[in-house]
Amino acid sequence: MSQPAPLTRRIAHLDMDAFFASVELLRYPQLKGLPVVIGGSPSRNDLALREQYGERHADIPVDAFDRLGSYTGRGVITTATYPARAYGVGSAMGMMKAARLCPQAILLPVNFERYRHYSRMFKSVITRIAPVMENRGVDEVYIDFTEVPGGQEDGGRVLAQRIQQAIFETTQLTCSVGVAPNKLLAKMASEFNKPNGVSIVQPDDLESLIWPLSCRKINGIGPKSGAKLERLDIRTIGELAARDRFWLMEQFGKSYGSWLHDAAWGRDDRPVETHSEPVSMSRETTFERDLHAVHDKAELGQIFTALCQQVAADLQRKGYMGRTIGIKLRYPDFRIATRDHSIRHYTADAREIRHAAGQCLKRVDLTRPFRLLGVRVGNLLPNDEALHHNETQGQSREDTTLPLF
């Protein structure tokens, strides 16, 4: 008796469309089709509108909402609707910069509790249909379609559309799905047809669908590596694939160079992990010129604050808190200095992160200029576990008097 042919590996990456903004539009349908930005805390006007209208969110006149152009401060955008993105506004952008690009955008405060509620809803829908799911944050997941009914039909399109419909019926939210032989290609595919699209990548589609893309489309190639690839006259994934593996290892180091070659050829054997937890979250930036803690104090202060706010937003968006905060500096000679500091309680608060990171800065050499600054939060726990730990330990908050810069 002949054995059945082995199933083709089909991995999906599902990404909710403008998730935070879309959740807010469920409450405020009068804002659909308008540029809307999510970020910061409730303003006096927000609180006044809540008191006046209560749960009658749809009755609030459009003209009554705050506008981004009137914002002052150092806040960071969490997400934006697609009409706002058309003006160049994007996630993790400073709100003052976004205000210059789209001052007429409506500004709504962040409501992480509400976003986590909808996150649990859509993930519950997925696992009822396809139980092998890897949680990648509040708004995206990987799913193993391989052995799920419909996961092989039309490359996985049948199952993807079934999940999309089930999520919409439950939450009234849309998502985009990419299905491919592995996680690397699936994540790229999920960006092909946004919003509310399904994109299929088969093994034979590498040359036509993947190789024309920019190298930066590969998850794992950041600004620094992307710039170095451009200096080497490598701009597309196809141009990267054409380079010899050992040459890439010479240019980028043994491990990363080998990975670049595999990624360009669409190779990725990582499984869908159903119980993985992040070890840490970090943000860093490389300056256009070397900066000095004394001579460039104001500029460094703004950058340092923004990095702490971005890490805090990442933690809050993904539902984690941490208690080990660290910093990273890279000097002009490319030497790296790192320091970390563990606080008494778990936090995802930007001000507390900045305070602890500032304590770390006091322990590195700031007499020399440096070219990179990073902030990291480790020793993470999911929010519910972290809050329980804080409560049971009776631990007080840190003194958050702002130190350096």
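Student: Hi! Quick one to start: is Glu284 buried, partly exposed or exposed?

Tutor: Glu284 counts as partly exposed, with a relative accessibility of 44%. Keep in mind that this is a predicted model.

Student: Got it. Which residue does Glu284 form a salt bridge with?

Tutor: That would be Lys328, and the closest N and O atoms of the pair are 3.3 Å apart.

Student: Nice. Which residues do salt bridges with shared partners join into one network?

Tutor: Asp333, Arg335, Asp365 and Arg368 are linked that way.

Student: How many salt bridges turn up in the whole structure?

Tutor: The search gives 20.

Student: Switching to helix H1: where do Arg27 and Glu24 stand relative to each other?

Tutor: They are three residues apart in H1, which spans residues 19–27, so about one helical turn separates them. Arg27 forms a salt bridge with Glu24, with 2.9 Å between the closest N and O atoms.

Student: Are those two buried or exposed?

Tutor: Both Arg27 and Glu24 are buried.

Student: Last one: what does Asp59 form a salt bridge with?

Tutor: Its partner is Arg56, and the closest N and O atoms there are 3.3 Å apart. Asp59 is partly exposed, its relative accessible area being 44%, and Arg56 counts as partly exposed at 44% relative accessibility.

Key. Residues are numbered from 1 along each chain as its sequence is written. This is a predicted model: local features need pLDDT of at least 70, side-chain atom pairs count only at pLDDT 80 or more; totals for chains, interfaces and linings use all residues. Side-chain values use heavy atoms; hydrogens and water are left out. A salt bridge is a side-chain nitrogen of Lys or Arg within 4 Å of a carboxyl oxygen of Asp or Glu. Helices (H or I, at least four residues) and strands (E, at least two) are DSSP runs, numbered from the N terminus. Buried means under 20% relative accessible area, exposed over 50%, partly exposed in between (1.4 Å probe, protein chains only).
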